[in-house]
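User: I would like to learn how to read a few features of a protein model. Please give the general idea first and then the case at hand.

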Amino acid sequence: ATDADGDALRYELTEGPADMTIDSATGLLRWTASFPGRRVRVTVTDGRGGRIVHGFFIAVFFALEPGRPLTITGPRNVSLLTTIVVPPNTPVLQVTLRGGTGEPELVIADPNLFIRGISVRQGTIETMSFGSPLPGRWFIEIDACIVIGRLCQGFGAVDLTASLPVPTTLEGNRTLSNVSGDVSSETFYRIPVPPGAAHVRVTSERGTGIHFLYLARGRVPAC
């Protein structure tokens, strides 16, 4: 920062992580970055009544390991940023939130930074799946509040998992029993159809709850 009158400026860290420091004469910030990133506010004064406040967010990305949950907590109006590397020829990328409290919401972008999906389901149970995902680094943002008009309350102790499930192969004329799932969950199966087959029929019966069946030829029918 500069002062039009040439007055010496003083920098004060008025918001930031406990271990962040600032040089009061130069404004140099020092901090060992840690997930999930932090909001920072610096107040600059000139000793003559002049005052200005600069606020910004330092984004820190956390690299997820496939299938390993990460327990996350975020106060209101804060975004947590994570990534997952998807190898070539991966059939499915699935991102889930489970457990904890609050209103976390998901935003997922592909390696080209194109937003592939947004989930704003109420509560802490979220599932988003992508068939034949582009190989490379995907970006997963967890927000405490992105819905206009919804009370922003943050979230706590929520398990975030990014996995690369392989559809289970089911042989024809077979019954799969005791299938179950959480609200919003998605499970994938593969049915080899022999040459000359006249038709394919998939049915479900008995059990409890509401479920939906999606069938696609040659690709994963992720919804």
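Predicted model: local features only at pLDDT ≥ 70, side-chain atom pairs only at ≥ 80, totals over all residues.

User: In what order do the three strands of the open sheet stand?

Analyst: Strands are DSSP runs of E, at least two residues, numbered from the N terminus; two of them pair if DSSP finds at least two bridges between them. Here the order is β1-β4-β5, with antiparallel pairing. β1 (10-15) and β5 (51-58) are the edges: each has a single partner strand, so one side of each lacks a neighbour in the sheet. Five bridges link β1 to β4 (residues 38-45), and Glu 12 is opposite Thr 43 in β4.

User: Is Ser 129 buried or exposed?

Analyst: Buried means under 20% relative accessible area, exposed over 50%, and partly exposed in between (1.4 Å probe, protein chains only). Ser 129, in strand β13 (residues 126-131), is buried at 5%.

User: Which side chains make polar contacts with that of Ser 129?

Analyst: A polar contact is a pair of N or O atoms within 3.5 Å; within protein, one must be able to donate a hydrogen and the other to accept it, and residues adjacent in sequence count only if both atoms are side-chain atoms. The side chain of Ser 129 contacts those of Gln 94 at 2.9 Å and Glu 186 at 2.6 Å.

User: How accessible is Val 200?

Analyst: Val 200 lies in the segment after β17 (189-190) and is partly exposed, at 43% relative accessible area.

Definitions and conventions: Residues numbered from 1 in each chain as written. Heavy atoms only, no water. Helix = DSSP H or I, 4+ residues; strand = E, 2+ residues; numbered from the N terminus.
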